[in-house]
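This briefing goes through one predicted model, topic by topic. Please keep the sequence and the 3D view at hand while reading.

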Amino acid sequence: MLSIAIPVAFALLTAAQLLNLYRLLKGPTLLDRILALDTMYIDAIAMFILMGVYFHSAVYFEAALIIAVMGFIGTVATSKFLMRGDILE
Amino acid sequence: MTFVIELLVSFFLVVGAFFAMAGSIGSFRLPDFFSRLHGPTKSTTLGVGAMAIASAIYFSFHGEGISFHEVLITLFLFITAPVSAHFLAKAALHQRLHENKAALPPESEKETGPHV
Amino acid sequence: MPTYRKSPIPGNRWLPHPLMTLVLVIIWLFLVNTITFGHLLLGTLLGIAIPWFTNRFWPERPKIAKPFLLFRFFFITFVTDVIVANITVVRLFLQPDISRLRPRFIEIPLDTQDPMVITILASVISLTPGTVSAEVTEDRQTLIVHGLDVADEALAVQTIKTRYEAPLKEIFSC
């Protein structure tokens, strides 16, 4: 059962990442690209969790957590920069 | 690992991946920025949440002892996803990123001040 | 500025935020993924040290008037609505004719000016059916929300006010 579910989930997530990549490359505005990047971070977390199950290793959890933290900070910093032209006030 | 556990893990993995993909399809198909914003805040948070549940079940029954640290990722995403969506929406409102001018709220026309 | 009364668990100079200490200990135990005496001790140490060092950033303590209602709100209303929200949004995304959506902004007049309640309300709105909160006006009177498919604006405002704002106001008693 798991040997079918994991490839299916990988395929779905890869399709999701490709759609995000399309949005990232096409835009049309900068905010669309930031949003696409944010979605890519979240999908990457899902992929890392899936890899943890696939390789039966807990190491991937830490990578996923770091991506979660960094992705959030990146999104907030870039959108704040667009809003004010400055990150720290 | 029993068959029921394996079924549960498989179910949550596929459901999570499906929700994540649906969010991306939304951002691919929808015409304007504010509608696209709905994708990552909702679908992907539950997508990752379901995958984290699958991972927690898998490692609890297939490793050393109970594993619940995946809950932290879900918790973190549930706290941060609305915040980043709010920031993006705010930035978009400030940039007057409106393809549909009729849907403009009157408040966004005036300056909204330095509070975040 | 609204004034906060004391939280039900009293804090003092050395333990300024008791609830935060408890949450930090639990998060530490989740992070290391084991419950041993050593990690409990280390977590308690961190749980006391972090609120103490960051005390200046949290001048007020929010008052939770009804902890039971808080649990019921987050574990029943909130969790159900997140799942319903996801299914609704996925159905809207995958429908064949995408131009049938009626995205628009709606304005929600706020009954409370408490920053904590507004923050939680905005976050909950973002995670629940078809809406993302976009902006709070400077006078804290109105919350601007973007709805993905709004048929009836008055009904949407009414739903958000009764389903989310009223319980939150009751929980934080303001």
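**Q95(C) and its surroundings**

Leaving out neighbours within four places in sequence, Q95(C) has contacts (heavy atoms within 4.5 Å) with R29(B), R100(C) and L101(C). Q95(C) lies in the loop between helix 3 and strand 1 of chain C; helices (H or I, at least four residues) and strands (E, at least two) are DSSP runs, numbered from the N terminus. With a relative accessible area of 13%, Q95(C) is buried; buried means under 20% relative accessible area, exposed over 50%, and partly exposed in between (1.4 Å probe, protein chains only).

The model is predicted, so local features need pLDDT of at least 70 and side-chain atom pairs count only at pLDDT 80 or more, while totals for chains, interfaces and linings use all residues. Residues are numbered from 1 along each chain as its sequence is written, chains are lettered from A and ligands numbered from 1 in the order in which they are written, and side-chain values use heavy atoms, with hydrogens and water left out.

**Chain C overall**

- Chain C contains five helices and three strands.
- Read from the N terminus, the order of elements in chain C is α-α-α-β-α-β-β-α.
- Chain C has 174 residues, and 40% of them count as buried.
- Among contacts in chain C with a separation of 6 or more, 74% are between residues 24 or more positions apart.
- Chain C has an accessible surface of about 9800 Å², with 68% of it on carbon and sulfur atoms; accessible areas come from the Shrake-Rupley method with a 1.4 Å probe, and for residues only the protein chains shown count as cover.

**A buried serine in chain C**

- S126(C) is located in helix 4 (residues 115-127) of chain C.
- Its relative accessible area is 0%, so S126(C) is buried.
- Apart from residues up to four places away in sequence, S126(C) touches T41(B), K42(B) and P82(B), as well as T131(C), V132(C) and S133(C).

**Salt bridges**

- Side chains of opposite charge can pair when their charged atoms come close.
- The rule used here asks for a side-chain nitrogen of Lys or Arg within 4 Å of a carboxyl oxygen of Asp or Glu, and over all chains the count is four salt bridges.
- In chain C, K161(C) and D111(C) form a salt bridge at 3.6 Å, N to O.
- This pair links distant parts of the chain, 50 residues apart: K161(C) is in helix 5 (residues 153-171) of chain C, and D111(C) is in the loop between strand 1 (104-109) and helix 4 of chain C.
- E165(C) and K161(C) are separated by about one helical turn, because they are four residues apart in helix 5 of chain C.
- E165(C) is buried, with a relative accessible area of 3%.
- Through shared partners, the salt bridges join D111(C), K161(C) and E165(C) into one network.

**Interface of chain A and chain B**

- The size of an interface is often given as the accessible area lost when the parts come together.
- Chain A and chain B bury about 4400 Å² between them, and 80% of this is on carbon and sulfur atoms; buried area is the accessible area (1.4 Å probe) that two parts lose on being put together, summed over both.
- In this interface, 47 residues of chain A are in contact with 49 residues of chain B.
- How many salt bridges are counted between chain A and chain B? The count is one salt bridge.
- R36(B) and D32(A) form a salt bridge, with 2.2 Å between the closest N and O atoms.
- The pair crosses between chains, from R36(B) in helix 2 (residues 33-36) of chain B to D32(A) in helix 2 of chain A.
- Both R36(B) and D32(A) are buried.
- Seven residue pairs are in polar contact across the interface of chain A and chain B, both residues being at pLDDT 80 or more; a polar contact is a pair of N or O atoms within 3.5 Å, where within protein one must be able to donate a hydrogen and the other to accept it, and residues adjacent in sequence count only if both atoms are side-chain atoms.
- On the side of chain A that touches chain B, helix 1 (2-26), helix 2 (30-55) and helix 3 (59-84) of chain A each supply at least two residues.
- Helix 2 of chain A gives the most to that side, with 14 residues.
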